[in-house]
Amino acid sequence: MPAHGALPLPDYNHLPVGSLEHRIRTLDEAGVRDVLAHEEAHAHRLPVLELLRHRLEQLGHGAQPTGGSPLAPAPERAPAPDAAPAVSPATSGPAMNPPSHGTPENPAQPGARADPDRTRTRTG
């Protein structure tokens, strides 16, 4: 059984079954056997074992590995970001002034009502 790093499929343990089904089509019989041995020794997932055994049967009956590379970017992973986004005055939003925080000139803020009794201290 090959070590995990020597498997013919990169990130094998993180591939969903649907992706694995397409990726193993690129492998020859020896590659599928290596993956099968790894699966039997580690996760032992029945759907994956059946998939690998079925592919071995296909290869035994003359099926050929398909073109493509098992090293191709996986569709289940988000692509790496190209570069830091370009921010410039043309792409930034409008300038904003901070709120006035309750000054009497801004009636939308708390304490904006002109109430002369509010400023007096009540006694009694």
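Before you click on anything, here is a word you will need: a residue is buried if its relative accessible area is under 20%, exposed if over 50%, and partly exposed in between (1.4 Å probe, protein chains only). Leu51 is a buried residue by that rule, because its relative accessible area is 16%.

Two notes on what you have open. This is a predicted model, where local features need pLDDT of at least 70, side-chain atom pairs count only at pLDDT 80 or more, and totals for chains, interfaces and linings use all residues. Residues are numbered from 1 along each chain as its sequence is written, and side-chain values use heavy atoms, with hydrogens and water left out.

**Stop 1: the whole chain**

Show the chain as a cartoon. You'll find 3 helices and 0 strands, in the order α-α-α from the N terminus on. Helices here are DSSP runs of H or I with at least four residues, strands are runs of E with at least two, and numbering starts at the N terminus. Of the 124 residues in the chain, 22% are buried. Now for contacts, meaning heavy atoms within 4.5 Å: among those between residues at least 6 apart in sequence, 60% join residues at least 24 apart.

**Stop 2: α2 against α3**

Select residues 29-41 for α2 and 46-60 for α3. Their axes come within 10 Å and cross at roughly 160°. That angle makes α2 roughly antiparallel to α3, since angles over 145 degrees count as roughly antiparallel, under 35 as roughly parallel, 65 to 115 as roughly perpendicular and the rest as oblique. The axes are lines fitted to C-alpha atoms, for helices over the stretch in contact, with angles from 0 to 180 degrees between N-to-C directions.

Which residues make the contact between the two helices? On α2, pick Glu29, Val32, Arg33, Val35, Leu36, Glu39 and Glu40; on α3, pick Val48, Leu49, Leu52, Arg53, Arg55, Leu56 and Leu59. Colour them by type and you get 8 nonpolar, no polar and 6 charged. (Ala, Val, Leu, Ile, Met, Phe, Trp, Tyr, Cys and Pro count as nonpolar, Asp, Glu, Lys and Arg as charged, and the others, Gly among them, as polar.)

Zoom in on Arg33 in helix α2. Arg33 counts as partly exposed, at 46% relative accessibility. Arg33 and Leu56 are 23 residues apart in sequence, yet their C-alpha atoms are 7.5 Å apart in space.

**Stop 3: the loop**

Next, go to the loop between α2 and α3 and select His44. His44 isn't a glycine, but it has a positive phi of about 55°.

**Stop 4**

What does Leu51 touch, not counting residues up to four places away in sequence? Show Val17, Leu20, Glu21 and Ile24.

Glu21 sits in helix α1, residues 17-23. Glu21 is partly exposed, with a relative accessible area of 35%.

**Stop 5: the core**

Finish with the largest nonpolar core, which has 16 residues. A nonpolar core is a set of buried Ala, Val, Leu, Ile, Met, Phe, Trp, Tyr and Cys residues joined through side-chain atoms within 4.5 Å. Select Leu9, Tyr12, Leu20, Ile24, Val35 and Leu52, which have the most contacts inside this core. The elements giving two or more residues to the core are α2 and α3, and the largest share, 6 residues, comes from α3.
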